[in-house]
Amino acid sequence: MKKILSTFLFAAALSSATAQTWSLDNSHSSIGFAVTHLNVAKTTGIFTDYATTVSYTKEDLSDLKVEMTIQTKSISTWNEQRDKHLAGADFFDAEKYPTITFKSTGVKKVKGNTYKITGDMTMHGVTKSVTFDMTYGGVNKDPYGNTKAGFS
């Protein structure tokens with residue numbers, strides 16, 4: 001399975017018209033979020049344990065499929081007390097709902113290298129359709145000759 005780079009939610013690749021399956025390169029990727037706190041400031045965080053696969057057969061990404069699983073216990077806001085609270089029953093309830101999942105249902109090219117990707121996100125036992133903005137970052141070879149691609 002090829003590796004991909006990502007800067008936010010998921011990743012994919014655009015390199016040939018043949019079937020492609022990619023997995024996230026966690027050492028060059030992150031799953032991040034920002035929430036407004038008291039309507040005056042943003043609190044940011046990341047999840048440190050996640051897996052993503054991306055597949056497609058068409059070079060224009062019109063059949064792009066993304067599947068992601070995030071371990072809710074892996075939340076990090078760089079504040080241990082807050083992280084325990086967020087993983088607890090008041091928020092993620094990680095013991096009862098150990099994962100957040102996303103499974104794409106469609107992708108639409110907007111313009112140039114920007115897309116909208118829609119899918120079903122399940123969090124805390126509830127599934128909702130969500131749409132994310134997606135930017136294609138390109139494909140390149142790393143110093144070791146491995147093909148890498150990036151989306152954010």
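1. Welcome to this structure, which holds three salt bridges; the term stands for a side-chain nitrogen of Lys or Arg within 4 Å of a carboxyl oxygen of Asp or Glu. Please keep in mind that this is a predicted model, where local features need pLDDT of at least 70, side-chain atom pairs count only at pLDDT 80 or more, and totals for chains, interfaces and linings use all residues. Residues are numbered from 1 along each chain as its sequence is written, and side-chain values use heavy atoms, with hydrogens and water left out.

2. Glu-95 sits in the loop between helix H1 (80-87) and strand E8 (99-111), and Lys-73 in the loop between strand E6 (65-71) and strand E7 (75-76), so the pair ties together parts 22 residues apart in sequence. Helices (H or I, at least four residues) and strands (E, at least two) are DSSP runs, numbered from the N terminus. Both Glu-95 and Lys-73 are exposed; buried means under 20% relative accessible area, exposed over 50%, and partly exposed in between (1.4 Å probe, protein chains only).

3. Next, look at helix H1, where Glu-80 and Lys-84 are four residues apart, about one helical turn. Their side chains meet in a salt bridge at 3.4 Å, N to O. Glu-80 and Lys-84 are both exposed.

4. Finally, Lys-116 forms a salt bridge with Asp-133, with 2.5 Å between the closest N and O atoms. This pair links distant parts of the chain, 17 residues apart: Lys-116 belongs to strand E9 (residues 114-123) and Asp-133 to strand E10 (residues 126-141). Lys-116 is partly exposed, at 35% relative accessible area, while Asp-133 counts as exposed at 55%.
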